[in-house]
Amino acid sequence: MQLLNTPTPSPAIIWAVVRFLASEGKPLPKNAITMYLEPGEEARNSGPVHHALSTLRNLGLAVASEDGIWSLAGGLEKITVDDYARFQRLARAAVLGVEGEVPDPPEDMRRALTWILTRDPFKESFNWATVDQLHNRSAPDGELVLANDTRWPSFAAWGTALGLIAPAPYAANRHVPDCTRAVHQVLTDGLERGRSTDSMSVLQLLRQHLSVVAGGALATSLGYTFDAPKAVGAALTFALMRGEHEGWLLLGQDSDASVVINLQDPERSSARICSSITLLEGDDA
């Protein structure tokens, strides 16, 4: 499965199909779905809705019976029409292969996410020109990460929808490896609000659910070695420090802590020590 190649539609179109199925609240034949969302005979086997359904099936988020009746799956069965955060969580888990088996995992997306999340959001932002000219061959195996300019818009859309990159706030048409939304969601699901948790356990939780970040299993399997287990990569550091700045996360430093992690604070000459992390506010949007 390739998420970055045509004819795979944008995540916005896929979300529209999910919302329609959720609003109906029951399995539907494919022709009924296309009739409402994309009228026209020619669209039934070649249009965006057709390919959106195929993508959802490939991700394990929809199933079709032998007689062409479609229904949501993979945790989307009871999703409401306005619960985009749940769609975001489940789509990200499917793409990264965190829960269950994906029949045909989208290796192009996973490879590109892993690459960009090795970059430094404190210093770098990207559009196709910078990727093509400066960074495209910096993968450990020398393979092109984003092969052409038609893949970059798809990657920007999918990476943003999964909460693993974000539009640059200071430059138009550029993106940064800002995984704050994904981090906030993982911590909301995995931590008790208001309770301090040792920072190494939190780091392991994030690497487990966001395996494309530095130190995660997928990043390691693609050759992005990270030999300092206590060190937090730049992308995760950015997300954690942004959470502290926005007031939904507390990063503690206890003088007698036996285990700590090291954050890459660009305003310090040495690593910032963090021994505990407390979730103050969850991501309930």
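**A walk through the helices and strands**

At 3% relative accessibility, Ala91 counts as buried. The reason is the cut-off: a residue is called buried when its relative accessible area is under 20%. Keep in mind that this is a predicted model. Ala91 lies in helix 4. Leaving aside residues up to four places away in sequence, Ala91 touches Leu61 and Leu162. Now pick out Trp152, which is 61 residues from Ala91 along the chain. The C-alpha atoms of Ala91 and Trp152 are separated by 19 Å.

A pair of aromatic rings is described by the distance of the centres and the angle of the planes. How many aromatic pairs does a search of the whole structure find? The search finds seven. One of them joins Trp15 and Tyr84. Their ring centres are 5.3 Å apart, with 75° between the planes. This pair is edge-to-face, because planes over 60 degrees apart are given that name. Trp15 belongs to helix 1 (residues 11-24) and Tyr84 to helix 4 (residues 84-96), so the pair ties together parts that are 69 residues apart in sequence. Trp15 is buried, with a relative accessible area of 13%. Tyr84 is partly exposed, at 28%.

Phe20 and Tyr36 form another aromatic pair. Here the centres are 5.6 Å apart and the planes make an angle of 35°, which is called tilted. Phe20 sits in helix 1 and Tyr36 in helix 2 (residues 30-37), so this pair links parts that are 16 residues apart in sequence. Is Phe20 buried or exposed? Phe20 counts as buried, at 13% relative accessibility. Tyr36 is exposed, with a relative accessible area of 57%. Ring pairs can also build a group: they link Trp15, Tyr84 and Phe87 into a cluster.

Next, look at how two helices meet. Two packed helices are described by the angle between their axes and the distance between the axes. Take helix 5 (residues 107-116) and helix 7 (residues 151-161). Their axes come within 11 Å and cross at roughly 75°. That makes helix 5 roughly perpendicular to helix 7. Which residues make the contact? Helix 5 supplies Asp108, Met109, Ala112, Leu113 and Ile116. Helix 7 supplies Arg151, Trp152, Phe155, Trp158 and Gly159. By class, the contact has seven nonpolar, one polar and two charged residues.

Just after helix 7 comes Gly163, with a positive phi of about 75°.

Phe155 leads on to the nonpolar core. In soluble globular proteins, nonpolar side chains tend to be buried together. The largest nonpolar core in this model has 80 residues. Phe155, Leu164, Leu187 and Leu240 touch the most other members. Helix 1 gives the most to this core, with seven residues. Not counting residues up to four places away in sequence, Leu240 touches Val183, Leu187, Leu206, Val232, Leu249, Leu251, Leu263 and Ile277.

Leu206 on that list lies in helix 9 (residues 199-209). Which residues of helix 9 are buried? They are Ser199, Met200, Val202, Leu203, Leu205, Leu206 and Arg207. Their cover includes helix 8 (180-190), strand 6 (196-198), helix 11 (234-246), strand 8 (261-263), strand 9 (272-274) and strand 10.

Strand 10 (residues 276-279) holds Thr278. At 7% relative accessibility, Thr278 counts as buried. Apart from residues up to four places away in sequence, Thr278 touches Gly194, Arg195, Ser196, Trp248, Leu249 and Leu250.

Finish with two details of the backbone. A cis peptide bond joins Thr6 and Pro7, with omega at about 15°. Pro7 is found in the segment before helix 1. The other detail is Asn173, in the loop between strand 4 (166-167) and strand 5. Phi of Asn173 is near 60°, a positive value in a residue other than glycine. Is Asn173 buried or exposed? Asn173 is exposed, with a relative accessible area of 69%.

Terms used
Residues are numbered from 1 along each chain as its sequence is written. This is a predicted model: local features need pLDDT of at least 70, side-chain atom pairs count only at pLDDT 80 or more; totals for chains, interfaces and linings use all residues. Side-chain values use heavy atoms; hydrogens and water are left out. Rings of Phe, Tyr and Trp (its six-membered ring) pair if their centres lie within 6.5 Å; planes under 30 degrees apart count as stacked, over 60 as edge-to-face and the rest as tilted. Helices (H or I, at least four residues) and strands (E, at least two) are DSSP runs, numbered from the N terminus. Buried means under 20% relative accessible area, exposed over 50%, partly exposed in between (1.4 Å probe, protein chains only). Axes are lines fitted to C-alpha atoms, for helices over the stretch in contact, and angles run from 0 to 180 degrees between N-to-C directions. Angles under 35 degrees count as roughly parallel, over 145 as roughly antiparallel, 65 to 115 as roughly perpendicular and the rest as oblique. Contact means heavy atoms within 4.5 Å. Ala, Val, Leu, Ile, Met, Phe, Trp, Tyr, Cys and Pro count as nonpolar, Asp, Glu, Lys and Arg as charged, and the others, Gly among them, as polar. A nonpolar core is a set of buried Ala, Val, Leu, Ile, Met, Phe, Trp, Tyr and Cys residues joined through side-chain atoms within 4.5 Å.
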